[in-house]
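Dear colleague, here are a few points to go through with the model open beside you.

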Amino acid sequence: MAVIRSSDLDFDTIKSNLKTFIQAKSEFSDYDFEASGLSNILDVLAYNTHLNGLTANFAINESFLNSSQLRSSVVAHAETLGYYPASKTGSFATIGFNVVTTDTVTASASIPAFTTFTGTLGDSTFTFQTLEAHTAVNDGTGTFEFKTSTGLSAVQITEGTQKTKTFLVGDTDENQVYVIPDADLDKDTLKVEVFDTTTSSTFNAYNDIETVVRIDTTSKVYIIRETPNGQFEILFGDGSVLGQAPTAGNKIVVTYLATNGADANSINTFTANSTVAIGGTSYSPTITTTVSSAGGDDKESIASIKSNAPITFASQQRLVTAEDYKAIIKQRFTTILDDVAAWGGEDNIPATFGDVYLSLDFKTGISAEVQTDTKNTIQNVIAPNLGVMSIDAEFVDPINVFMELRITFDFDPDLTNLTIDTLQDNIKTEVAAFFTSNLGKFNSIFRRSQLLTTIDSLSPAILNSDMTVKVRQSFTPTLNTAGDYELILPVALAAPDDVNRIVTSTPFTQSGNTCVIRNRLSSTTLEIFDSTNGVVIQDNIGSYNQTTGKVVLNGFGSNVTAFNGDSINISVVPANQNTIKPLRNYIINLDTAVTSAAGTVDFQNTTTTLTT
């Protein structure tokens, strides 16, 4: 008898199996299925089986975090782990806000929260607002400089349109649902105020549960979560475990900004939308941009949620391991951070027990003030309240390591209608895209074979490809001043030989001549070579360590009068060019200025330089 294989979900296969099964019956052995009404019945059965199989497959996939494809499913699974994905975030900028008057009598002036400004980017305009009130003091000449509540002269403004949603609390035995029908809500700007009655003027401010360290029965906290349709819902405690809940008759007022996310980044021109009243007279303020807008972003991506939710769940809102620090910091500062690296003091070089080291990779455009404030919050608020008291948090800046690639390939023009120049441009684009997709973050690993495979697949005209790899770091010497410099590359360095230089530098001017740093052949000792005259002018300026990747310069710079750009680059040949795996706070990037691709056809070489 024919066997129906339930694993075959293709419609034609299902119908064929059904037909084979029925034909095995003696009463249907000579039956013409294609010209009979039974064929229509088999179609219905096959369609039904096919759809049921697909439905079951989709349902099973959506039942697990890793295999879910729908955002609503991913968000729901993350919430079961106690992880609430980031909403859209408004871009924020820092401005100077001054008013010049002839009033020398009025002592101070103020502007309220949600004072609006207009930012212009090309043909687009965006609304920015203050999130707190600001006060200015007369300097005695009639000039008022507005400052923050902490006394900083810079005023931060955030992009978005202010919106308000009001709810009335019903009987407690009802299932209270507080939905904010806005997918553009910025959770960081959300304010929740609970009034005793609809006519009360006083209120209790509720705080986001993710910002609260300790919760008891009287804590006033709320949970903001994303609903299946992409909007948001507010939840409150039950009066016990998750704090105090609003009671029947209370009025809940929710204020927030609806934002355009990343669209409002990189704005550096702002104008005030209103005048400032001082001493009964209205004045137009003077606006100066201190830091252009940055930090705007769309909702957290599905890939990010799948990555962050499990490690956040593992941390359980306490800081014990380095991964706990990484998870909680990424969750709380996702709007301004691209990535976080954390490692224990025992893994540091040199080892310092009792410390946890943190490296924060801030988004482009985040001001120094915001970066400092973020580090202070982690060190003085989050770490003491959630961490082990004997562990101290130390910050280390990210170190960018740039790779210099020289790609060569054999080109067969008979296998494509593309020219060699076009193919080299395609390789250029593919290499840049590869680095964008796979590198540029902490713990990202460069695999030469992976990139070569990608290059080979671009066209059948690429018969084979090869690549040489260098890694570089930079340092900025003090001109005309001798100093010691140390660079640590995140790789073991190649052993010296009698043909190739393992360590080389970009040119600089010393004693009026163009010079470079390089290692002696067959030696790890570094020397200064005068390219103008073709002679070595200092035969021992330092050395490199093959094992640790350390390059040391001693007494360098006494006669250095100039160098190109902001620094001198030191390029090295790694011992293993196949895999570059940086540890701790190193980030791999592509140096497009010196990376090249060269195709060979009929023994004629054509070279193009990669640029972005």
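1. To begin, which side chains meet in a salt bridge with an N to O distance of 3.2 Å? Those of D182 and K163 do; the term stands for a side-chain nitrogen of Lys or Arg within 4 Å of a carboxyl oxygen of Asp or Glu. D182 sits in the loop between strand 9 (178-180) and strand 10 (191-195), whereas K163 belongs to strand 8 (residues 161-168), so the pair ties together parts that are 19 residues apart in sequence. D182 is buried at 7% relative accessible area, while K163, at 34%, is partly exposed. Here buried means under 20% relative accessible area, exposed over 50%, and partly exposed in between, using a 1.4 Å probe and protein chains only.

2. Before going further, please keep in mind that this is a predicted model, in which local features need pLDDT of at least 70 and side-chain atom pairs count only at pLDDT 80 or more, while totals for chains, interfaces and linings use all residues. Residues are numbered from 1 along each chain as its sequence is written, and side-chain values use heavy atoms, with hydrogens and water left out.

3. The elements I mention are DSSP runs numbered from the N terminus: helices are H or I with at least four residues, and strands are E with at least two. The protein chain has 8 helices and 37 strands.

4. The salt-bridge count comes to 16. One of these pairs is R225 with E79, whose closest N and O atoms are 3.9 Å apart. This pair links distant parts of the chain, with R225 in strand 12 (residues 221-226) and E79 in helix 3 (residues 71-80), 146 residues apart. R225 is partly exposed at 28% relative accessible area, and E79 is buried at 17%.

5. Do look at K363 and D297 too, whose side chains form a salt bridge at 3.3 Å, N to O. K363 is in the loop between strand 20 (355-362) and helix 6 (368-386), and D297 is in the loop between strand 18 (286-294) and helix 4 (302-315), so this contact ties together parts 66 residues apart in sequence. K363 is buried, at 16%; D297 is partly exposed, at 29%.

6. With helix 6 and strand 21 it makes a right-handed β-α-β unit: with the strands pointing away from the viewer, the path from the first strand over the helix to the second runs clockwise. Strand 20 and strand 21 (residues 392-395) run parallel and are joined by 4 bridges; pairing requires DSSP to find at least two bridges between the strands. Within this pairing, L358 has F395 in strand 21 as its bridge partner.

7. The C-alpha trace spans about 105 × 90 × 55 Å along its principal axes. Buried residues make up 43% of the 612 residues.

8. Finally, S511 lies in the loop between strand 27 (508-510) and strand 28 (513-519). S511 is exposed, with a relative accessible area of 53%.
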